[in-house]
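Hi everyone, thanks for making time for this. I'd like to walk you through one spot in a protein, and then the pockets. Have a look at this first.

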Amino acid sequence: MANSLQVLINFDENITRNQLQKYYYYSWKKKIPNLIKYFLFTLLLIFILDSLFGNKSRIDFLKFSGILFGIYCLIQIIFFFYSKANYSIKTDKFITELKSYHPVTELYFDEKSLYIKNEQYDIRSVWKKISYNISDKILIINFDLGTPFTYLISEEETEQYQNILIIFKG
């Protein structure tokens with residue numbers, strides 16, 4: 001990175017709400033492969049135990065596997081909607097809290113670090129402790145500070161979005 005960049009982002013309730021909703025779906029999409037992997041390992045364990053101790057046919061095991069998969073999917077769907085309702089309540093509280101603060105966030109990008117400053121927090125991290133993903137025109141910046149911290153920037157939020165992407169990709 002040859003030079004520095006300063007970005008000022010004004011708080012917009014609709015953009016923030018949209019970002020947090022998309023982040024919720026993004027995080028669930030990341031969980032799906034692990035949920036399938038856990039189910040398959042559980043099914044493998046049941047298959048091994050059934051082979052050792054059971055004397056049923058494989059058709060019975062396949063029926064059992066299908067029923068178990070259906071129940072597992074139903075439980076995950078219920079958990080998804082329960083978590084979504086809980087997340088929505090927390091999002092509303094978070095946005096209400098954000099409204100009480102000064103609505104401008106300052107981002108400073110330089111060769112060594114990224115610095116995010118607003119009334120709630122000041123976070124600086126070196127680039128090797130920062131990772132990012134792009135999902136649906138939202139830049140998801142993850143800081144590895146011992147405690148996870150994620151900052152979201154969307155294209156609607158700032159006119160310097162492309163410059164920020166160049167910094168992260170470059």
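So, which residues does serine 83 touch, not counting residues up to four places away in sequence? There are two names to remember: Tyr24 and Trp28. Keep in mind that this is a predicted model.

Where does serine 83 sit? It's found in helix H2, which covers residues 58-99. And is serine 83 buried or exposed? Its relative accessible area is 16%, and the cut-off for buried is under 20%, so serine 83 counts as buried. One distance for you as well: leucine 44 is 39 residues away along the chain, and its C-alpha atom is 28 Å from that of serine 83.

The largest pocket has a volume of about 620 Å³. It's lined by 27 residues, and the closest to its centre are Thr16, Leu20, Phe94, Leu98 and Tyr121. Helix H2 shows up again here: with five residues, H2 gives the most to that lining. By class, the lining of the largest pocket has 14 nonpolar, nine polar and four charged residues.

Then there's the second largest pocket, with about 220 Å³ of space. Two elements give two or more residues to its lining, H1 and H2. H2 has the largest share, six residues.

Key
Residues numbered from 1 in each chain as written. Predicted model: local features only at pLDDT ≥ 70, side-chain atom pairs only at ≥ 80, totals over all residues. Heavy atoms only, no water. Helix = DSSP H or I, 4+ residues; strand = E, 2+ residues; numbered from the N terminus. Buried < 20%, exposed > 50% of the residue type's maximum accessible area, 1.4 Å probe, protein only. Contact = heavy atoms within 4.5 Å. 1 Å grid on protein atoms, 1.4 Å probe; cavity = no way out; pocket = protein on both sides within 12 Å on 5 of 7 lines; lining within 4 Å. Points joined across faces, edges and corners; volume = space filled by probe spheres on them. Nonpolar A, V, L, I, M, F, W, Y, C, P; charged D, E, K, R; others polar.
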